[in-house]
There are 2 protein chains.
Amino acid sequence: MRKENKDAMKARTRNIRLLVSYDGGAYHGFQRQTLPVIGIQNVLEEKLELIFGDTIELAAAGRTDAGVHAYGQVVNFFTNGSIPVDRVVRAVNSLLPEDIVVREAMEVDKTFSARHSAKSKIYTYRIFQGEVPNPFLRRYAWYIRRPLDVGAMQEASRVLLGTHDFSSFRASGGAHMSPVRTMYEAVCSQLGEKIEFRFFASGFLYHMVRNLVGTLVNVGLGKTMPDEFQNILEMHDRQQAGATAPAQGLYLYHVNY
Amino acid sequence: MRKENKDAMKARTRNIRLLVSYDGGAYHGFQRQTLPVIGIQNVLEEKLELIFGDTIELAAAGRTDAGVHAYGQVVNFFTNGSIPVDRVVRAVNSLLPEDIVVREAMEVDKTFSARHSAKSKIYTYRIFQGEVPNPFLRRYAWYIRRPLDVGAMQEASRVLLGTHDFSSFRASGGAHMSPVRTMYEAVCSQLGEKIEFRFFASGFLYHMVRNLVGTLVNVGLGKTMPDEFQNILEMHDRQQAGATAPAQGLYLYHVNY
């Protein structure tokens with residue numbers, strides 16, 4: 001068995017928290033996979049094991065899907081390894097491939113869990129809307145040729161604010177947890193041909209941001225009216241919402257503890 | 001022989017000018033190569049031949065090197081093909097890989113040459129300077145860890161304005177043309193961790209921008225004083241300048257006719 005049990009992990013002397021950015025394009029999501037498929041977790045654990053001389057088992061704030069990116073993923077792990085925390089960033093980045101970067105490392109209290117201690121998260125979603133695609137953003141945004149009404153998408157986004165049952169935007173494959181979350185901020189902004197959604201909530205259901213964006217884009221295209229968007233939210237039925245937006249536009253931006 | 005001669009090309013009825021953007025990361029430069037190595041020209045000519053039903057031979061404003069990008073490359077070609085010019089952009093983009101995009105197509109006078117009619121060009125060069133690299137810019141900027149003095153780089157850049165012999169910044173492999181060019185604008189600007197150089201000149205020698213940036217970065221690092229930079233320019237000797245900056249930060253931004 002590669003991984004030790006939870007209690008043995010917690011009996012270790014140190015709890016290390018990392019802030020990680022990655023380009024998810026080459027990976028089958030964050031979560032550890034069985035080779036030859038690889039998750040970002042496989043790569044991070046392998047390099048951390050070399051540095052700490054310990055088996056490493058990461059807990060992560062968000063288990064991003066295949067192709068999804070992160071600016072501010074947070075992970076933690078227990079270790080008996082002795083490397084000083086202020087040397088971790090350079091040591092691990094010297095081993096990691098260029099598409100995964102550890103931005104910060106800190107020693108934290110043993111009670112901290114990147115997954116369970118998270119209070120809220122921010123996801124962003126990027127769209128490139130233009131007559132022709134932008135070759136530099138093909139891996140980093142959803143390309144949409146037809147013009148989008150950003151004002152209508154912004155108006156519809158406001159409906160999401162507050163505490164709601166978000167079942168309409170949960171993938172059918174999602175876990176059987178409560179579908180109730182609180183949305184603190186839902187903004188759609190435009191800078192030239194770049195359109196960005198920003199969702200700040202207490203938590204997110206499986207595929208929730210991509211389903212929200214797919215449905216909001218229908219509003220932007222005039223296929224769905226902003227007040228119909230409110231009905232979709234209130235029906236608590238995945239069948240009513242739009243298609244899942246593609247992975248390459250999504251970023252786990254920030255996690256609050 | 002794949003290509004017809006120049007006179008036969010010019011006897012054709014139409015001269016088509018294209019504005020092209022590409023991510024140069026996967027190509028051995030713009031220029032046509034012998035398979036299995038490919039240049040952007042190979043791909044563009046192949047797709048245009050399918051659309052125009054003609055052998056196509058492109059002339060380009062700038063022959064970008066391996067790994068160098070373009071926002072605004074300009075090419076032209078002669079054809080007898082009958083597709084209306086307003087259908088060319090969508091037709092060719094539907095065949096091209098996502099890292100090459102034709103942004104505009106227009107019918108031009110037979111005297112127009114993307115290469116010989118160019119009056120001036122703008123190149124930009126991007127640097128990402130930060131304590132840790134940015135995984136999203138690894139293919140689109142030069143990563144430099146140590147802080148750079150942008151004011152000193154801007155001051156040194158001003159020395160380049162006007163008409164000069166730029167031999168100090170020409171690669172030894174360059175052609176035996178006159179090394180005299182006129183620099184209209186040379187700017188270094190910073191936005192957070194992103195630093196951008198912008199060079200607007202009557203023309204550029206082989207590797208000139210990358211050699212300028214390599215030398216200016218030495219100024220930014222404090223290895224070369226801004227007044228020494230002036231000496232380097234005036235010595236007309238490639239041995240005096242800094243190393244060639246890496247290809248992935250360079251963009252052919254715009255061509256004026």
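Mentor: Before the helices, a convention: axes are lines fitted to C-alpha atoms, for helices over the stretch in contact, and angles run from 0 to 180 degrees between N-to-C directions. The model is predicted, so local features need pLDDT of at least 70 and side-chain atom pairs count only at pLDDT 80 or more, while totals for chains, interfaces and linings use all residues. Residues are numbered from 1 along each chain as its sequence is written, and chains are lettered from A and ligands numbered from 1 in the order in which they are written.

Trainee: At what angle do the axes of helix 2 and helix 3 of chain A cross?

Mentor: Two packed helices are described by the angle between their axes and the distance between the axes. Here the axes of helix 2 (residues 40–52) and helix 3 of chain A cross at roughly 125 degrees and come within 9 Å. Helix 2 of chain A is therefore oblique to helix 3 of chain A; angles under 35 degrees count as roughly parallel, over 145 as roughly antiparallel, 65 to 115 as roughly perpendicular and the rest as oblique. Helices (H or I, at least four residues) and strands (E, at least two) are DSSP runs, numbered from the N terminus.

Trainee: Which residues meet there?

Mentor: From helix 2 of chain A come A:Lys47, A:Leu48, A:Leu50 and A:Ile51; from helix 3 of chain A come A:Val88, A:Ala91, A:Val92 and A:Leu95. Contact means that C-beta atoms, placed from the backbone, lie within 7 Å.

Trainee: Is B:Val88 buried or exposed?

Mentor: A residue is buried if 20 or more other C-beta atoms lie within 10 Å of its own, exposed if 12 or fewer, and partly exposed in between, with C-beta atoms placed from the backbone. B:Val88 has 21 such atoms within 10 Å, so B:Val88 is buried. B:Val88 lies in helix 3 (residues 88–95) of chain B. Beyond its neighbours within four places in sequence, B:Val88 is in contact with B:Ile51, B:Ile83 and B:Ala105.

Trainee: How many residues of chain A are in contact with chain B?

Mentor: 16 residues of chain A are in contact with 16 residues of chain B. Strand 1 (14–22), helix 3 (88–95) and strand 4 (100–108) of chain A each supply at least two residues of the side that touches chain B. Strand 4 of chain A gives the largest share, 3 residues.

Methods:
Two residues are in contact if their C-beta atoms, placed from the backbone, lie within 7 Å.
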